[in-house]
Each structure stands twice: as C-alpha cells, then as structure tokens.
Amino acid sequence: MRHEVIHLCKDDENVTLTTYVPLTRVEKSDAMLVIPGGGYGAVCSDREGESIAMAFAARGIHCFVLNYSVKEKAKFPRPLLEASLAMAYIREHAEEYGVNAERVFVCGFSAGGHLAGSLGTRWHTKEVNEALDIPYGINRPTGMLLCYPVLSYFEKTHMGTFHNAFGTKEPTEEQIEFCSLDRGLSAETTAPAFLWHTANDVCVNVQNTLRMATALSEAGVPFEAHIYPHGSHGLGLANEITALNERMILPRIAGWVELAFSWMKTI
C-alpha cells in the first residue's frame, strides 16, 4: 500500500492528506476522500480516518484521509477550501495514484459529515472559487457519504460544531444559510448522497439526516438513507476496530460499509 502524507497548504503544515492506495491494482480505481469528525474542535482520525480508509481500500477504493483546520482556524469557508484542495489534488494526481478522476467520492463523519456535505453542496460557490486557483468543478465530488452528520442549524443540532464553523455564537443569517446544508440545494449542483444515522443519537440529532433527506428529495437529488433504531454517536465502523466499548459493536449497523460500497457502484 502506498502510504504517504501530503501537505496541502503552504501556510499550515497541519493540513494534510494521507494516502491509502493499493499498489497491486492495474485498472483505474474509484477513490474516496475521508473526512473524520470532531466538532471542528479536533480531528478524530483514529476511529474515523485510517480505519475507514482501510475498510474501503479492502474493497478496492483508493482512499485519502484529510486532516483539516479546527478550533479558531475552523471558521468557514476555510475547512471547505482545504477539502476542495484535497479533492483537486486527488484528481490532478489521478494518473499517479491509479484513480479514475471521474469517480472521486467524499465520506465524512459527524462534523466531518458537515464538511463532506459542504463539499457536495457548496463546491460551486463564489466563497470557494474566488478564493482558490483551481479549475472550476474539479472539487465537485462524484457522490457524498454522510455518516451521523451535523448538517442543519436548528434548535436540536450540535451547536458546538456550528459555533466553531461560524467562529461565533451569534452567527449572521448569511452564515446560517451557507452552513445549513439542507438549504439552497439543486439537482444541478448537489452531489448524490448516501446517509446513515441512528434514531437515538443523543449527540447529533437524527433530524439532521432527516431534514437533509427531505431537502434532497424536494430538489430531485438522488439519495439513499438508512436510519438504525439504536446506537450511540461516533460508531465509525460499528465493529471491534473502532468501538470504544462493547455497546459500540453493532453487527447490523456495521453493514453500512457494504451498503455504501454497493451504492457507490450505482453512481
């Protein structure tokens, strides 16, 4: 496996892309940008980074894990610019990594789901394209996998994630509009989506996923959603590899990886 760390930003050595690319494949492969969660206060790459990349790499997907800006550096659109640079890097080096540049997905967890969803819905905005010197559309993901994601600013959402993304506890309406990903969707600019969540997630309310599914449906964007009745937040693979305790080993939910892999093949 080709395993290396790429620095994406000249002014911040902490913004990196780590590769998990098999060396033995001949044909060009699908690729995936993996974005761990952490409320924009940290990057949980131990359970939602490498382990996820390895699970999909085992299925032939060439994976790249993003380490992005958090805490005081997390104010939007900065993390979205970094995710855009990561997507552009993968496509610009597709030949080198044996990647099919037409098929690069993004997968995110919790706040990483917000960032993945932002890439899938806001890739075309002036806030991104006026700030970066990249070809228009090179940062648009083929599809987005959103796992127990923070997506919408409302009374039951995960406020800490949004406070970090806004850089304030008193956001403007423009900030709320931009960062609430169930707003302003269109079939022309929104990537197809795969979503999963647990109904009793007490950290990130399942309404984030339900609102997004409704918005995708109303906009005519293809999506697949799975709501499991029970399970805590931060399940990752929901198996022994990512579980913090036995209650986080849930074989039925662990099946989400295969469901997501099958969905990717339909896009």
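## The sheet

Eight strands build an open sheet with mixed pairing, in the order β1-β2-β4-β3-β5-β6-β7-β8. Strands are DSSP runs of E with at least two residues, helices are runs of H or I with at least four, and both are numbered from the N terminus. Two strands pair if DSSP finds at least two bridges between them. β1 and β8 (223–228) stand at the edges with a single partner strand each, so one side of each has no neighbour in the sheet. From one strand to the next, the twist averages 20°.

This is a predicted model: local features need pLDDT of at least 70, side-chain atom pairs count only at pLDDT 80 or more, and totals for chains, interfaces and linings use all residues. Residues are numbered from 1 along each chain as its sequence is written, and side-chain values use heavy atoms, with hydrogens and water left out.

## Strand pairings

Strand β1 (residues 5–9) pairs with strand β2 (residues 12–20) in the antiparallel sense, over four bridges. A hairpin of two residues joins them. His7 has Thr16 in β2 as its bridge partner. β2 also pairs with strand β4 (residues 62–67), again antiparallel, over five bridges. There, Leu17 has Leu66 in β4 as its bridge partner.

Strand β5 (residues 99–109) and β6 run parallel and are joined by four bridges. Phe109 stands opposite Cys147 in β6. β6 also pairs with strand β7 (residues 193–198), in the parallel sense and over four bridges. Here Leu145 stands opposite Phe194 in β7.

Strand β6 (residues 144–147) is covered on both faces. Met144 and Leu146 are buried on one side, Leu145 and Cys147 on the other. Buried means under 20% relative accessible area, exposed over 50% and partly exposed in between, with a 1.4 Å probe and protein chains only.

Helix α9 (residues 207–219) packs on the sheet and touches β6, β7 and β8. Its direction makes about 155° with that of β7. Axes are lines fitted to C-alpha atoms, for helices over the stretch in contact, and angles run from 0 to 180 degrees between N-to-C directions.

## Nonpolar cores

The largest nonpolar core has 58 residues. Such a core is a set of buried Ala, Val, Leu, Ile, Met, Phe, Trp, Tyr and Cys residues joined through side-chain atoms within 4.5 Å. Leu8, Leu17, Leu33, Ile35, Leu66 and Leu115 have the most contacts inside it. Helix α3 gives the largest share of this core, eight residues. Apart from it lies another core of 30 residues, among them Tyr20, Ala53, Cys147 and Val257.

Ala86 is found in helix α3. Ala86 is buried, at a relative accessible area of 0%. Beyond residues up to four places away in sequence, Ala86 touches Leu8, Leu17, Leu33 and Leu66. Contact means heavy atoms within 4.5 Å. Leu17, leaving aside neighbours within four places, is in contact with residues including Val5, Phe64, Tyr89 and Ile90.

## Helix α3 against α5

The axes of helix α3 (residues 78–92) and helix α5 (residues 111–122) come within 10 Å and cross at roughly 75°. That makes α3 roughly perpendicular to α5. Angles of 65 to 115 degrees count as roughly perpendicular, under 35 as roughly parallel, over 145 as roughly antiparallel and the rest as oblique.

From α3, the contact uses Pro79, Leu80, Ala83, Ser84 and Met87. From α5, it uses Leu115, Ser118, Leu119 and Arg122.
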